[in-house]
Amino acid sequence: MKLKQRVVLLAILLVIFIFTKVFLIDNLDTSAANREDQRAFQRMLAGLRVALDPRLEHTLQSPWEIAAQWVVPREVYPEDTPELGAVMHAMTTKKIVKADVGYKGTQLKALLILEGGQKVVFKPKRYARDYIVEGEPYAGYDRHNAEVAAFHLDRILGFRRAPLVVGRFVNLRTEIKPVATEQLLGTFMTVGNNTCFYGKCYYCRETEPACADGDIMEGSVTLWLPDVWPLQKHRHPWGRTYREGKLARWEYDESYCDAVKKTSPYDSGPRLLDIIDTAVFDYLIGNADRHHYESFQDDEGASMLILLDNAKSFGNPALDERSILAPLYQCCIIRVSTWNRLNYLKNGVLKSALKTAMSHDPISPVLSDPHLDALDQRLLSILATVKQCTDQFGPDVVLVEDRMTLSHL
């Protein structure tokens, strides 16, 4: 063989070697990532049951100190939380030392200070479990049980971006009224034999109070995020107008996502993928009311989209509001880790996992069976939407690898 032919042959072999090596490395990396996703899923399933137990491993710290140390820019709580049950036990049993009207908003809530100085937001029960909220997907009062269910779904999806929530029964006469501020106390009333209050908020009315069963009121308590992590509010790019006959741009402009991708903080960093994750989360729970969202301040788009205020969810199990998925089907991108997790939850696993996760909550059963069944059906719609995207653009475009190292040191 002539020298020139040998050089050409060696060059061809070298090119083949390089491409083979790159291909193998890429596949090994992907395979390793998928294997880690599978292991993370199994760990999640193993830790689903959270027994509310007062014992703490770190006996020199209060449950509030432990929960505060969990918070980092990309997580509210870590994957491994052996003391989650102790923190939630404290949320549902610690003495209430002060009660006030809730923070600004449209819906009735109360701000409680628990023993040890921890703030929690209390949302009262307004509906029976089997009540169907008719009308627009964002209609009706807040649903306290929706906050509980949404928190556990956040755990199951592996997002860990929702503040801790647990159900709690409170005695309005003995636990709340003696420590209530004048502003809150002035909204109390008696309706029949039931103690009621209507609080202070945009839609709070004396004619529409929340009433206890006698003195005992069922509700949810959401753990207030540490003050060292101040929040910044953002308008959701796929927010609704809430005005009849007036559509938001995303509702008529098929190229809307291209415009979003050119604006900060969606032009770089993880925020747009967080929006997609949130669309998946909101579609599963039936939440069409995320007109704004919060992140940590001064994050330049790096911190997570925090899954706050999920109470406009689980209103009507028969209503699948596809427009909630607009960020997904207009942008046609999704995290590989999210895609893997959704596939692991097929075939009834999601319903079973959520039912198990909520089984130890004080207000269990948290959801009625039709809502649990709806979750599995909505999951299939999400998977079908992603498949339409991959069929059109290919999996390499649609499935985005975005894994960020999280530090709890």
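Guide: Gladly! Helix α2 (residues 63-70) packs against helix α3 (residues 84-93) at about 125 degrees, their axes 9 Å apart. This is a predicted model, where local features need pLDDT of at least 70, side-chain atom pairs count only at 80 or more, and totals for chains, interfaces and linings use all residues. Residues are numbered from 1 along each chain as its sequence is written, and side-chain values use heavy atoms, leaving out hydrogens and water.

Visitor: Why is α2 called oblique to α3?

Guide: Under 35 degrees counts as roughly parallel, over 145 as roughly antiparallel, 65 to 115 as roughly perpendicular, and the rest as oblique. The angle is about 125 degrees, so α2 is oblique to α3.

Visitor: What makes the contact between α2 and α3?

Guide: Contact means heavy atoms within 4.5 Å. P63, W64, A67 and W70 of α2 meet L84, A86, V87, A90 and M91 of α3. By class, that contact has 9 nonpolar, no polar and no charged residues; Ala, Val, Leu, Ile, Met, Phe, Trp, Tyr, Cys and Pro count as nonpolar, Asp, Glu, Lys and Arg as charged, and the others, Gly among them, as polar.

Visitor: What about α4 and α11?

Guide: Helix α4 (residues 144-157) and helix α11 (residues 349-358) pack at about 120 degrees, with axes 9 Å apart. That value makes α4 oblique to α11.

Visitor: Which residues of α4 and α11 make the contact?

Guide: A149, H152, L153, R155 and I156 belong to α4, and L350, A353, L354, A357 and M358 to α11. By class, the contact of α4 with α11 has 8 nonpolar, 1 polar and 1 charged residues.

Notes:
Axes are lines fitted to C-alpha atoms, for helices over the stretch in contact, and angles run from 0 to 180 degrees between N-to-C directions. Helices (H or I, at least four residues) and strands (E, at least two) are DSSP runs, numbered from the N terminus.
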